[in-house]
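The sequence and the structure are shown first.

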Amino acid sequence: MRKPIIAGNWKMNNTKAEAEELLTALKPLVKDVKGVDIVVCVPFTDIEKVKKLVKGSKIRVGAQNVSWADKGAFTGEISAAMLIEAGAEYVVIGHSERRQYFGETDETVNKKVCKALAEGLKPIICVGEKLSEKQMGITEEIVCLQTKAALHGVSRTQLDEVVIAYEPIWAIGTGMTATPEDANQTIRAIRNAIRDAYGDVAQNIRILYGGSMNDKNARDLMAQSDIDGGLIGGASLVAEKFEKIVN
Ligand code: PEP
């Protein structure tokens, strides 16, 4: 049985004061929740503060990017060791915004995934097709290729720590969602691709849906057999909306 994860991706939002306000509202709302992992993936500068704020709650902390390098002349980057020291347990890797605006490729995503796992961070690996790729009918090919590339060199044991997020790019921040059935079918294709490479352990891998998931549509998406949770952008910035999805 796969334990669901609801992960918030705050993106470049929430100063420390705003983070405190949000988490102060959220914590009591999710305190009795059982059977779900709750994660907030926050800006680097918030990690240490958020780690303190969620102490004693069920909320875990993640970052939104990590370098594939250990240390050295990589201006503007941040290492896995630094993230762990600040209090991160998870890290989002290969979000479509990073692929689109910051030149991340399947190759750099793979290097980051390997580095995160080697250092003890749990990667939340994002894959997803563009609208034009969906229209061409090649969604499954695209996301399976991205998944296989991201996992290149990842061992069977390390795979246990991996979370995949299927995020159709056309659905992120647009208010458009994949239908629950389409999302489930694509996620099943991703799981099958992992099964081809690793065998039956693919059954244990948590694969999330992301893309305008909110308190209204979460129930239908989560009712699908292969959708194991959500990566939530906009709705994770409002305590009452995020809480409803979690609950
Ligand atoms: C995301 O940032 O990963 C995301 C899914 O955003 P939104 O929920 O706002 O579409």
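Which residues line the largest cavity? They are Gly 94, His 95, Ser 96, Arg 99, Cys 126, Val 127, Gly 128, Gln 146, Glu 167, Ile 169 and Ile 172. Helix H4 (residues 96-101) and strand E5 (122-127) are the elements that give two or more residues to this lining. By class, the lining divides into 4 nonpolar, 5 polar and 2 charged residues. The volume of the largest cavity is about 40 Å³, and the count comes to 1 cavity of 30 Å³ or more.

The model is predicted: local features need pLDDT of at least 70 and side-chain atom pairs count only at pLDDT 80 or more, while totals for chains, interfaces and linings use all residues. Residues are numbered from 1 along each chain as its sequence is written, and side-chain values use heavy atoms, with hydrogens and water left out. On a 1 Å grid over the protein atoms alone, a cavity is a set of points where a 1.4 Å probe fits but cannot get out, and a pocket is an open set with protein on both sides within 12 Å along at least five of seven lines; lining residues have an atom within 4 Å of a point. A volume is the space filled by probe spheres set on the points, which are joined across faces, edges and corners. Helices (H or I, at least four residues) and strands (E, at least two) are DSSP runs numbered from the N terminus. Ala, Val, Leu, Ile, Met, Phe, Trp, Tyr, Cys and Pro count as nonpolar, Asp, Glu, Lys and Arg as charged, and the others, Gly among them, as polar.

The largest pocket has a volume of about 410 Å³. Of its 15 lining residues, Lys 11, Met 12, Gln 64, Arg 98 and Phe 102 lie nearest its centre. Helix H4 supplies the largest share of this lining, 3 residues. The lining comprises 7 nonpolar, 5 polar and 3 charged residues.

The second largest pocket has a volume of about 330 Å³. It is lined by 16 residues, and Ala 218, Met 222, Ile 245, Val 246 and Asn 247 are the closest to its centre. Helix H10 (218-222) and helix H11 (239-246) each give two or more residues to the lining, which has 9 nonpolar, 2 polar and 5 charged residues.

## The nonpolar cores

A nonpolar core is a set of buried Ala, Val, Leu, Ile, Met, Phe, Trp, Tyr and Cys residues joined through side-chain atoms within 4.5 Å. The largest has 64 residues, and Val 50, Leu 83, Ile 164, Ile 194 and Tyr 209 have the most contacts inside it. Helix H9 (residues 180-198) gives this core its largest share, 5 residues. Another core, of 12 residues, lies apart from it and includes Val 39, Cys 41, Val 92 and Leu 231.

Leaving aside residues up to four places away in sequence, Ser 67 touches Glu 77, Ile 78, Ser 79, Lys 112 and Lys 115 (contact means heavy atoms within 4.5 Å). The side chains of Asn 65 and Lys 112 are joined by a polar contact of 2.8 Å, a pair of N or O atoms within 3.5 Å; within protein, one must be able to donate a hydrogen and the other to accept it, and residues adjacent in sequence count only if both atoms are side-chain atoms.

Note on methods. Buried < 20%, exposed > 50% of the residue type's maximum accessible area, 1.4 Å probe, protein only.
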